[in-house]
Amino acid sequence: MDSTEKLEKTKMENTIPTKDRVIAWPRMGRIDIPLKALLVSLGAKVIIPPPNSNKALEIGVRNSIEGICLPYKLNLANYIMSLEKGANTLMMFQAPGSCRLGNYTKMAQKTLKSMGYNFDMVIFDMYKSKMKQTLQAFWHVTHCINPWKYYKGFSLGFNKFFAIDTAERLLFYTRPRELNKGDAEKCYEKWLKITDETNSVWEAKKLKKQIINDFKKIPIDKNKNVPIIYLIGEFFVLLDPYTNQNIEKELGEMGVEVQRQIMFGDWLEHVLKPSIFYHKESHRERSVRYAEKYMKRAIGGECIETIGDTVFAAKHGVDGVIHISPFSCMPEIVAQNILPKVSKEEDIPVLSLVLDEQTGKAGYITRIEAFIDLVKRKKIKKINN
Amino acid sequence: MKKIGIPRAISYYNNYPFYFGFFNKLGIEIILSDKTTTKTINDGCKYVVSDTCLPIKVYVGHLCNLLDKGCDTIFVPSIQSTGFKINNCSKIRGLPEIIRNIINKPFKMIEPTLDKTEGIGFYDFWYSVANDFEIYDKKLIKSAINEGWKIYNDFHNMTLKGVSYNKALKAALKRKPIEHNDDIIKPLSVVIMGHGYNLFDERISLNIIKKLEKMDVKVFTSLNVTPKEALESIKELGEVQYWANELELTGTSAYYMLKGEIDGIIALSAFGCGPDSLMVDEIAHHCKKAEVPLIHLTIDEQTGEAGFITRLEAFVDMLLRKKRNILTKKPIKIKEYIQNKNIDNIKKEKILAS
């Protein structure tokens, strides 16, 4: 009992008075927009770390150990940069029992304390007691007791998540088909900005429809023969455009429609919603069903999703799969070992890319181009037969 | 007669005494693969992607060896978690998944799961193994488990007394436990932080234990500490157990560090081992506070023996110089050492003479 109490204490530190708190969290995709909306409506001050860049990576690499995976290095850099900007409360979720992610927060806490920063770390579990712990964490940092504000914050956050997801999906669809290059990108940027600025629940709920209508206005070539590529792999690398060298854009400009299977909104909805209200088959359940032939048990991380999605892709007429993972990611190495067999038996081309801080963009693009050529040729062959 | 093949890798090194007792009681013959050689590693490398860590490559190599021997039933356990939310490394969890998808030869895989987070306990694990051999008699299985424990406990009681791994294993399998072990006093003592499958495999670890003993260094390993002691020492350092199989690393070094009996720590880990990279860092953090020197040696299939020895020798030299310095300059506190007066004198003489 003693140790668990101690553990809870280290999870949610409380040394800074609530009204002085300035909250920051690591970047992961576009998580900054919805989370900012939520925290601001609960009455907190926030600082958003600058986007990941070479400079951020340099800071991260300098202060972390050699063997740790790339996402941690960037997370640490985000913390340091926001602490330098004046943040004093750091938030992060953790999922014990999955992979090294469960060690991130504790390590970061130790490293930052030894660097001499003063801050509170607020950690919440994403394992089984999801909603309760999440609410507790947000109460802890804001001490807001007004339920209306919680309702407003959460529905704003969720609607923004869905809006961003919709915009991304439409962007992936439109980019390879657009007639004037750059239209889709511009439209996407515009709606990101509008989503960020929206401040009422009523307007946030309308966002999704508006985005769909606006993307419809972009002139596209509907009859163009576009190969479809599934983008699968590790969560962070998939969502972070700096780490994956903006692979979605590169692929879109090569005339390929990208479909990313991991969407932040979907994942969050599945994780946070109590199971009574969640009726759809979640992404994970679907993956477990499809991966059954190759994997009988989940082994942590997103390994089973990777395998399940590849099989799903093969069964639904997708032309190819690109699998990306950070260097030395344990679950994805297992996936990499399994993928060649899946590729052979399901007859689907798979390209595995490993990313680390030294990945050169030129070599990376060459490999993708060669792969796309292969996929296109295979598709033409199929049509001719 | 029923036969089962057990690769001489991963769980073999810590759990073989148990396997031996269990399968023998059920009347199943055990076929072991040959000891690790460079060929084993090369065989393993053919099947897996290059990023995979060395122990898994070795495991696959041993599995190929078993298949070459004509063994068609192989034991590939998946140990997911050993406590609530205390999980293993992904590659050990997914061992059967890897094997199933990379080896295209026909063979039967016995793949039980131990997952205490999901409520699949120790007995379920062994029942499922026995059921695969069409043994359903629960009484017999239970007695086999007890038999396994008996040999396992014998083995561990011996190693706790300080008997070396190979000696203890041989004695335990012959059911003739060695009662007494003559303790040799050596000037230096170090802890080797490493998994059993790295440390006791003579090819992978490049025989590090023997090399150190030749340099007059006493070596402590995870086998010299009970899991309970290990867990308590970790708690005393203010850490929580997160990985299932990292306890043998962190627990051992924490135990001896708190006891204050050792001069240094040698961390031996395979290249690209995820959990090790974190846990060695965690221990290094505490080492800095306790002023215990630590060296981190990384091994992979290309490790050259010469460079390895040089680093080891340099480290031992440094430890010796440090200890000599302390002994000659500072007067020894009589209160602390009064019990082991004789031993300490011998130690001091040895150090000053060398």
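Leaving aside its neighbours within four places in sequence, A:Y290 is in contact with A:G308, A:V311 and A:F312; two residues are in contact if their C-beta atoms, placed from the backbone, lie within 7 Å. A:Y290 belongs to helix α13 (residues 283-290) of chain A, where helices (H or I, at least four residues) and strands (E, at least two) are DSSP runs numbered from the N terminus. A:Y290 counts as buried because it has 22 C-beta neighbours inside 10 Å. The term buried applies when 20 or more other C-beta atoms lie within 10 Å of a residue's own, exposed when 12 or fewer do, and partly exposed in between, with C-beta atoms placed from the backbone. A:Y290 and A:E305 are 15 residues apart in sequence, and their C-alpha atoms are 9.2 Å apart in space.

This is a predicted model, in which local features need pLDDT of at least 70 and side-chain atom pairs count only at pLDDT 80 or more, whereas totals for chains, interfaces and linings use all residues. Residues are numbered from 1 along each chain as its sequence is written, and chains are lettered from A and ligands numbered from 1 in the order in which they are written.

The domain assignment of chain A gives domain 1 (2-145), domain 2 (157-223) and domain 3 (225-385); such bounds come from an automatic or database domain assignment. The C-alpha centres of domain 2 of chain A and domain 3 of chain A are separated by 23 Å. Eight residues from domain 2 of chain A and 12 residues from domain 3 of chain A take part in the contact between them. On the side of domain 2 of chain A that touches domain 3 of chain A, five residues are nonpolar, none is polar and three are charged. Here Ala, Val, Leu, Ile, Met, Phe, Trp, Tyr, Cys and Pro count as nonpolar, Asp, Glu, Lys and Arg as charged, and the others, Gly among them, as polar.

Further along chain A, strand β7 (residues 320-326) and strand β8 (residues 350-355) pair in the parallel sense over six bridges. Two strands are taken to pair if DSSP finds at least two bridges between them. A:I322 has A:L351 in β8(A) as its bridge partner. With helix α15 (residues 330-346) of chain A, β7(A) and β8(A) make a right-handed β-α-β unit. A crossover is right-handed if, with the strands pointing away from the viewer, the path from the first strand over the helix to the second runs clockwise.

Chain B is divided into domain 1 (3-154) and domain 2 (184-353), and the centres of these two domains, taken over C-alpha atoms, are 30 Å apart. Their contact takes 21 residues from domain 1 of chain B and 21 residues from domain 2 of chain B. On the side of domain 1 of chain B that touches domain 2 of chain B, α3(B) gives the most, with four residues. By class, that side has 12 nonpolar, seven polar and two charged residues.

An open sheet of three strands in chain B has the order β5-β4-β7, with mixed pairing. Strands β5 (86-87) and β7 (113-115) of chain B stand at the edges with a single partner strand each, so one side of each is left without a neighbour in the sheet. β4(B) and β7(B) pair in the parallel sense over three bridges, and B:I79 stands opposite B:L114 in β7(B).

Strand β10 (residues 264-270) of chain B has seven of its seven residues buried. On one side of β10(B) are B:G264, B:I266, B:L268 and B:A270, and on the other B:I265, B:A267 and B:S269. Strand β8 (residues 188-193) of chain B runs parallel to β10(B), joined to it by four bridges, and B:I192 stands opposite B:I266. β10(B) also pairs in the parallel sense with strand β11 (residues 294-299) of chain B, over six bridges. The chain crosses from β10(B) through α13(B) to β11(B) in a right-handed β-α-β crossover.

Of the 202 residues in the largest nonpolar core, A:I307, B:V190, B:I192, B:M193, B:I265, B:I266 and B:L268 touch the most other members. Such a core is a set of buried Ala, Val, Leu, Ile, Met, Phe, Trp, Tyr and Cys residues joined through C-beta atoms within 7 Å. The largest share of this core, 11 residues, comes from helix α7 (residues 147-174) of chain A.

Finally, the contact between the chains takes 29 residues from chain B and 30 residues from chain A. On the side of chain B that touches chain A, α13(B) supplies the largest share, five residues.
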